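Hi,

Here is the structure I promised to send over. Have a look at it first, and my notes follow below.

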Amino acid sequence: MKSRSLAAISLALALAFPQAFAAEGDPGILAVIESFRTSIIDKDRERFLDLFVQQDVPWQSVLDDKSLAQIQGKHPEAIKARFKKENNPVAFIDGIVASKNRSEETFSNIKIDSDGEVAAVTFDYSFLSNGNAPTGARNAG
């Protein structure tokens with residue numbers, strides 16, 4: 001299971017909900033998370049990219065210890081945090097749209113932190129391809 005911080009979405013939330021206080025379970029923020037999730041399932045590139053203020057901002061992948069150990073079984077050179085400037089929301093959704101596989105991310109342990117103006121959302125996620133977590137899958141976040 002991975003953890004992702006959606007700083008770019010946080011900025012979009014600040015613009016979309018300037019008067020709302022982002023508390024745990026805030027319906028506006030949960031709607032953004034659901035839009036993120038369903039745009040992946042629906043392969044809806046436009047809806048996905050509309051969630052980001054800057055669509056080409058690089059995403060930093062960080063693997064948890066279990067995932068790293070699994071990947072190192074086939075790729076011993078794999079490291080915990082590998083920066084690739086070409087990892088970004090555009091490349092992520094373009095890969096999903098181009099794939100014949102059904103893609104989905106499931107979320108748990110959602111945490112919303114806000115000062116009432118700007119919110120940061122973090123969560124654990126699993127990326128599924130055709131209902132399964134692919135071994136050594138490209139990690140977008």
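Glutamate 104 touches Arg37, Ile40, Ile41, Ser126, Phe127 and Leu128, leaving aside residues up to four places away in sequence (contact means heavy atoms within 4.5 Å). Glutamate 104 sits in strand β4, residues 103–114; strands here are DSSP runs of E with at least two residues, helices are runs of H or I with at least four, and both are numbered from the N terminus. With 16% relative accessibility, glutamate 104 counts as buried (buried is under 20% relative accessible area, exposed is over 50%, and partly exposed is in between, with a 1.4 Å probe and protein chains only). Its side chain also makes a polar contact of 3.1 Å with that of arginine 102. By polar contact I mean a pair of N or O atoms within 3.5 Å; within protein, one must be able to donate a hydrogen and the other to accept it, and residues adjacent in sequence count only if both atoms are side-chain atoms.

Before you read on: this is a predicted model, so local features need pLDDT of at least 70 and side-chain atom pairs count only at pLDDT 80 or more, while totals for chains, interfaces and linings use all residues. Residues are numbered from 1 along each chain as its sequence is written, and side-chain values use heavy atoms, with hydrogens and water left out.

The overall picture: the protein chain has five helices and five strands, in the order β-α-α-α-β-α-β-α-β-β. Of its 141 residues, 38% are buried.

Now the charges. The whole structure has eight salt bridges (a side-chain nitrogen of Lys or Arg within 4 Å of a carboxyl oxygen of Asp or Glu). Arginine 47 takes part in two that I'd point you to: one with aspartate 42, where the closest N and O atoms are 2.7 Å apart, and one with aspartate 44 at 3.2 Å, N to O. Arginine 47 is partly exposed at 24% relative accessible area, and aspartate 44 is partly exposed too, at 26%. Another salt bridge brings arginine 45 and aspartate 94 together at 2.4 Å, N to O. That pair links distant parts of the chain, as arginine 45 is in helix α3 (residues 45–49) and aspartate 94 is in helix α5 (residues 89–98), 49 residues apart. Arginine 45 is partly exposed at 38%, and so is aspartate 94 at 32%. Shared partners also join Glu34, Arg37, Arg102 and Glu104 into one salt-bridge network.

What about the rings? There are nine aromatic pairs in the structure (rings of Phe, Tyr and Trp, the last by its six-membered ring, with centres within 6.5 Å; planes under 30 degrees apart are stacked, over 60 edge-to-face, and the rest tilted). Phenylalanine 48 and phenylalanine 92 have ring centres 5.7 Å apart and planes at 40°, so the pair is tilted. Phenylalanine 48 belongs to helix α3 and phenylalanine 92 to helix α5, so this pair ties together parts 44 residues apart in sequence. Phenylalanine 48 is buried at 0% relative accessible area, and phenylalanine 92 is buried at 3%. Phenylalanine 92 also forms a tilted pair with tryptophan 59, at 5.5 Å centre to centre and 55° between the planes. Ring pairs link Phe36, Phe48, Phe52, Trp59, Phe92, Phe107, Phe123 and Phe127 into a cluster.

Cheers
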